Each structure stands twice: as C-alpha cells, then as structure tokens.
Amino acid sequence: MSDKNVSYLNKTFTDFKSNLVNYAKTYFPTTYNDFSEASPGNMFIEMASYVGDVMSFYVDTQVQENFLLYAKEKENLYALSYAFGYRPKASYASSTTVDIYQLVPSQVIDGITSPNYNIYGLIIPENTPLTSTSNQTKFITTDKIDFTDTGSTEITFVDANYYLFKKSVKVISAEIKTTTFTYGSPQKFQTSTITDTNILQILDVTSSDSNKWYEVPYLAQSSIFEPVSNPTYNTDQVPYLLYLKKVPRRFVSRIISDNTLQLEFGAGLSNSSDEQIIPTPDNIRLGLVPGISDLSDNYNKASVFFTREYGLAPSNITLQVRYLVGGSITSNIPSNDLTIIDTSGAFFKNGNPGGAISATVLSSVVSSNPNPSVGGRNGDEIEEIRNNALFSFSSQNRAVTKDDYMIRALSLPSDYGSISKVYITQDFENTQIIETTTTTKNPLALDLYILAYNSNKQLIPASSTLKNNLITYLNQYRMITDAINIKDAFYINIGINFDITVQSGYNNNDVVTNCITVLQNYFNIERWQINQPIILSEINSNLLQINGVQSVVKVEIINKQDTTGITYSEYGYDITGATKNNNIYPSLDPSIFEVRYPNTDIQGRVVI
C-alpha cells in the first residue's frame, strides 16, 4: 500500500465515493469493473463513503467546539466563556423603585406640633420581601429604610394625630432561598451543586463552626473587598469603608449548562493559612528544574505569592448557602403592582414603645411602585455568551482608556459613597491652582475630578472617606503605569430669569408655570456633566415649544454665590465673560453648572 496514491483531503460523501471509484479503477482494473448504481460493489463503496462523510463531520464539529467563535454546544460555550473571564447569566432580574409609607404619630412640644419619628420611626431592613398582585412575582429591597432619618423623607400632614412619611427604595425581582451541604473528610477541589434554576447570585455562605466563606472570581485570587462600618457616617454620608481582606476560606461558583449553580472549593487540607506574601528566590523556583532556561520561565503568581492550595477545602462541617432566585421575562410587572409588603422584619429603632399606637404604626406600612419594573429577561442566549466573552477577554477587567476609569468610578457601590459626576484628563491638560501654587504635573498621571450628592441630591465635594474608598477600588483595576490623582471638580450655581410674551387666549400664570417646569427638567442635575456648556438657543427652543408662548424676549443666566458655601457654591463665576456665540462655557478647570434650588432659582414673567 505504501506505493499507492491515497488522498487524505476527502470531506464529503461525493469526494469519498469519487476517490474510491478511481482507486478501484486504478489499482484493481481486472478484479472489479462493475460500477453501476445497482451493483453490490457500488453499495459497499457508498457505505464506506457514508461512514467517511459522517466521521469527517464529527471531527470538524469537535474541532469547531474548541473555538469560541464557532462553538455551538451550550456546555462548551459556558466552559470557554469562563476561560475568557465572562460569567454567563442564568436569569436577569427586573428592577424598579418602590415608595414605602408609614404613619408617624404627632407630638406637641412648646405648642408646636411635629412628627414623633424618634420614637415611632420604623426601620425596614434590606431584603424585605414584596409581592406583585398581578402574578405573585417576588421582589426584595436592596437597601435599608430608616424612617428616623428625615433627610430624604417626604413628610405630609394628615391630621392632628398623624403625619405620613414616604421613602423610596430600589427593589429587584428576587427571592432568598437557603440550602445546606455537609462535608466529611477534606477533598481537593470538591464541588457541590445547587439544583435550583434561575439563580441570580450567592448572598452568603456560612459554616457550622461560625466561619464565613467568600466568593472569588478565581480560586487563585485570595483578596476580596470587605465593607467596614464607617464611624463618621453621620458627617460624610458614606455608610462603609472599603478595605482589601485576604480570605483562605473561599470558593468559586459557576452557572452550568442546565442553569444550575456549581460551587467549587480549594485544595487546602490543613488549617494553616495559604497567604504567604513574601516571594523568595527559593519559592519562586519551587517545582522547576534549574537550568539554562531560568531566564525565560513563566512563573505562576499563585505559587509565588500564595501556596498552590487555592484556598481551604471544607472538612467535617456543614455549609449553609443563601442565594437569590428570580428574574426572567415574567418579572417585568406594571406600575402600582407591588402593594404586598412583608413587614415582619420591621422594627422601631429605639425599641417598641408598645400600646395601640405602635400596632397602628406597624399596620400602616404600605408600598407601591409608581413606575413599572423593567430589565427582567431570561438567561444569556448562545450568541450573547459568545459576544460577551469576547468583550470580557479584550477588556481583561482592566481600566485602560479614560472612559474605562470614568465608568469604573461611577460603578463604585453606593454603600461606599455616592459619586455623582466624574471627569478625567491628563495631568497636564488643566491649570488648577491649589493654595496659590500650581500643582506639579506628571505626564503619566490622570486627574480624576469627582463630585458627590448630599441628601437633597445637590452637588457637594467628595469627602476624604469617599476618596479613600475610590482609591482602594480603582487600584484593583488600574494599569501599573497609570497614576491617578483624585480631585474635586467645581460646581457653579446659577439662576435663570426669562421674559416671554403670551398668545391671546392663554392664561399667563399657566404658561409661565409650564415654562418653569420645562426648564427644571432641562437643568435636572442628572442630565448635566462636568464641562458641559449652556446652549442658550436650546433654552429658547424649549420655551418656544410651550403652548401659548408667542416669543422669548430674554433669557438671563445669573451666578448664585454664597461665600460661606452653605446655601450656594462658594465659587463665583463671570457668566458674561464666559458667554461666546450664544453659549455659556464652564471654566478651564473642570466644573459643572447646577441649578441648586429649581423651585426658586428659575423665575419667569410675561411682558407686553
């Protein structure tokens, strides 16, 4: 056979059959020469061609399943996506904002009636369950509600006996479930599976020996972000401080192709910590054969900075796992549908005062969602997994561009402070003066300008606690060559005065009120960014679209300044000097325009 010409390039049934016929004619011309469709020989040739075609198909398919761009099997796509750094989603939760109300008894002090919220203000903890009335979809609150904190509370006088308090909180379509796993002798990289479906995330894992186990993206990652209660919360409005904590008790979780959740633990078989963080020449070369290739060896940091145990393995304990289940397309509910709230976890902050009034207050708690719940849908489809994994691999969870840093800063969880506005430049792109001395320029540094909100959603400088949390957060994502300077942006408070003429037949007061409402919406601080100019022609256009407005006579932007910085910004600004081509530009240093008190800082009148 070695001297015979054999083709190895056949792929299809036709190719196989043609080459087999040619092979028989070439090497067996006298042995077999009946190649008609009805001959027995042709049957065997076609059967061999069929087997070759099928085997070629499966070989190609198996090779194709190794590549993310071409894989079609969901199980393979899940494995490849995890390798590329993307975690597929089994379900997406819908979300909305819920208004929660409670009655607060009144009190009379020195002849003045006021709500007695210090005694009767309720605390409604996070993860409080709510249920929709239309399809019984379960929701939970994402934050604690404290009715004794009146900073963001809407208070309405009911009668001489009660006030009505209202607070808003975000809710997601989820339900908390619990399961347990019992482990005997330790096993390396042991796995356990939660057989529930539509799992959103793990809430916490605690063991029977009162230890907490932490979820990490990879077992080789031994550090997590740990929230610590902030003792200065009342002054800087930052609930938690952000620290990095090393955790030998850790696990990873993976959604597998049947939408169940698999937990995997480390290989550590002793109680000794695997947190050795001092590399030495000995432990760097651990397990490698010395030789001339030492200079080019690829060292694994998991065996240098940590041991190769990748966390402890659970042994002789029971783990309790709390997780969230929910989401899907059916979780998108209409407005005013979340009216069933479970208040069994609600309590009075300073202890239950008892009596009939306390019972009335507890039973008065009601809820409603003014807007529909949106965002819920089923898990990732095949093409979504493929494209999300490709994006995750390209970004590598690192902040590379300016936009990356801005998005990462804005994604800081609100528990560690509320960043409202972000702007970033190269260190040499601004001329900010601090204490009459120009700051030293670093061409490799980035200046990250930020502002925060107070309880009334007004701009304020970020506190030092918030900045420290942001630095800790960004350090896990920044490139090693990047230096980041966290600075305060400036906010410029303005007022708007306008004159209009009104068409005959329209009520002057109604038209002016409508104009003010439009301008309040236009200058809504959520719609404004740092270094955004005011375009006066847009203001004129918005006013002219109001029914009854005949013409816009004047639009005047004035600076509102308070040198003490109590009511308005302490920084004054020359509006006239900053106006060019009917646009008002912010200062060279990063700044933003803000209408601080929309109800009083926007004034209009009708002229003849």
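Figure 1. Among the contacts between residues at least 6 apart in sequence, 73% join residues that are at least 24 apart. The model shown here and in the following views is a predicted one. Its secondary structure comes to 13 helices and 35 strands, and of the 608 residues in the protein, 39% are buried.

**Figure 2. Helix α1 and its buried face.** The 15 residues of α1 should span 21 Å at 1.5 Å a residue, and the end C-alpha atoms of this helix are 21 Å apart, which agrees with that expectation. Within α1, the residues F16, K17, V21, Y23 and A24 are buried. Seen down the helix axis, the buried residues of α1 fall within an arc of 160°, so they line one face of the helix. The face of α1 that is turned away from this buried side carries T14 and T26, which are exposed. The buried residues of α1 pack against α2, the helix that is the subject of the next view.

**Figure 3. Helix α2 and its cover.** With 25 residues, α2 reaches 36 Å from its first C-alpha to its last, which is close to the 36 Å expected at 1.5 Å a residue. The buried residues in α2 are G41, N42, I45, S49, G52 and S56.

Figure 4. The volume of the second largest pocket is about 260 Å³. Its lining consists of 13 residues, and of these the closest to the centre of the pocket are V6, S7, N19, L20 and Y23. Two elements, α1 (13-27) and α2 (40-64), are those that give two or more residues to the lining of this pocket. The largest share of the lining, 7 residues, comes from α1. Sorted by class, the lining of the second largest pocket has 6 nonpolar and 7 polar residues, with no charged residues. Y23 can be found in two of these views, as a buried residue of α1 and as one of the residues closest to the centre of the second largest pocket.

**Figure 5. The largest cavity.** A search of the whole structure finds 1 cavity of 30 Å³ or more, and about 40 Å³ of space lies in the largest cavity. The residues that line the largest cavity are R87, P88, K89, A90, S91, I199, L200 and I255. By class, the lining of this cavity has 5 nonpolar residues, 1 polar residue and 2 charged residues.

**Figure 6. Helix α11 and the elements that cover it.** At 1.5 Å a residue, the 15 residues of helix α11 (residues 508-522) should span 21 Å, and the end C-alpha atoms of α11 are 21 Å apart, which agrees. The residues V511, V512, C515, I516, L519 and Y522 of α11 are buried. When α11 is seen down its axis, its buried residues fall within an arc of 135°, so they line one face of the helix. What covers the buried residues of α11 includes the strands β29 (490-502), β30 (534-535), β31 (549-559) and β35 (602-606), together with the helix α12 (536-544).

Definitions and conventions
Residues are numbered from 1 along each chain as its sequence is written. This is a predicted model: local features need pLDDT of at least 70, side-chain atom pairs count only at pLDDT 80 or more; totals for chains, interfaces and linings use all residues. Side-chain values use heavy atoms; hydrogens and water are left out. On a 1 Å grid over the protein atoms alone, a cavity is a set of points where a 1.4 Å probe fits but cannot get out, and a pocket is an open set with protein on both sides within 12 Å along at least five of seven lines; lining residues have an atom within 4 Å of a point. Grid points are joined across faces, edges and corners, and a volume is the space filled by probe spheres set on the points. Helices (H or I, at least four residues) and strands (E, at least two) are DSSP runs, numbered from the N terminus. Ala, Val, Leu, Ile, Met, Phe, Trp, Tyr, Cys and Pro count as nonpolar, Asp, Glu, Lys and Arg as charged, and the others, Gly among them, as polar. The expected span of a helix is 1.5 Å times one less than its number of residues. Buried means under 20% relative accessible area, exposed over 50%, partly exposed in between (1.4 Å probe, protein chains only). The arc is that of the directions from the helix axis to the C-beta atoms. Contact means heavy atoms within 4.5 Å.
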